[in-house]
Amino acid sequence: MPRGVKKENLPTKVCVVCERPFTWRKKWERCWDEVTTCSKSCNQKRKMKNKESSNAVVLASELDSMVTRLDNINVVDSVGFEAELKATVDDGQLITEEDKAVEEDFPHNYSDDKSQSSQTSSTSNNSVTFEQPPPESIPAMMDAKAQRKAEKKRKKAERRAQREGKGDPTAGQKQCTLCDKSVNLLIRCAYDESGEWGMVCGKCWNDVSGGVVDGDDAHPHYRYGGLWKNRRAQT
């Protein structure tokens, strides 16, 4: 509230939207001179009204430009029509003065050429066709589509069963490099003179490492390289 001014003597303004009076408020202390609306609702209505008016102005200018372009097109068409009036129409075809001169010199050949050219143009316009697949290939295409759909359903059912713990117990398993047994846990290690890495099961790991993680003197070629675990294993 302005200092030294009683509440009943506060300055007032008239809202430009609802045209109702409103009094000074503390939040307008620094911008009272710029305030024109009494509330956020009226301010939003004022913005929408200004936006509609600006859109109307833009639309009017676009309409004026379209009318101008149409007028220019009509002028060009009228000029072109006047130029075409110099040609004469015979049997639905335009024949210019040059065509008349050629026809006088070669009457028979000219008429035949004109008819052939008209026939060629008509056939070329009607020759646009779309190739259809042969009838015998349609069942094969439908079978392939059905197979893809069935495979998709099978994978979906497999994922659902896995989430419920009812899936294939061998799903996601890998084979041991030494005994070819499919298991859910493998140890990556090197165990011979070649130094090549292999994936071995727990039983074979005891044989190649002596049961020691870092190996022992009896297995000098052993090197540990990590663990692999089947994340799809059923619990």
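This is a predicted model: local features need pLDDT of at least 70, side-chain atom pairs count only at pLDDT 80 or more; totals for chains, interfaces and linings use all residues.
1. The structure holds three aromatic pairs. Rings of Phe, Tyr and Trp (for Trp, its six-membered ring) count as a pair if their centres lie within 6.5 Å; planes under 30 degrees apart are stacked, over 60 edge-to-face, and the rest tilted. Phe22 and Trp28 have ring centres 5.5 Å apart and planes at 75°, so this pair is edge-to-face. Trp28 and Trp32 form a tilted pair, at 5.9 Å centre to centre with 35° between the planes.

2. Residues are numbered from 1 along each chain as its sequence is written, and side-chain values use heavy atoms, with hydrogens and water left out.

3. Charges over rings: a charge sits over a ring if NZ of Lys or CZ of Arg is within 6 Å of the ring centre and within 35 degrees of the ring normal. The charged end of Lys13 sits over the ring of Trp32, 4.8 Å from the ring centre. For Arg188, the charged end sits over the ring of Trp197, at 4.2 Å from the centre.

4. Thr37 lies in the loop between β2 (21–23) and α1 (40–84); helices (H or I, at least four residues) and strands (E, at least two) are DSSP runs, numbered from the N terminus. Thr37 counts as buried because its relative accessibility is 9%. Leaving aside residues up to four places away in sequence, Thr37 touches Cys15, Val16, Val17, Phe22, Trp28, Cys42, Asn43 and Arg46, where contact means heavy atoms within 4.5 Å.

5. Cysteines: the structure holds zero disulfides, a disulfide being a pair of cysteine sulfur atoms within 2.5 Å. The closest cysteine sulfur to that of Cys42 is in Cys38, 3.7 Å away, which is too far for a bond. Cys42 counts as buried, at 6% relative accessibility. The sulfur of Cys179 has its closest cysteine sulfur in Cys176, at 3.6 Å, again too far for a bond. Cys179 is partly exposed, with a relative accessible area of 37%.

Methods: Buried means under 20% relative accessible area, exposed over 50%, partly exposed in between (1.4 Å probe, protein chains only).
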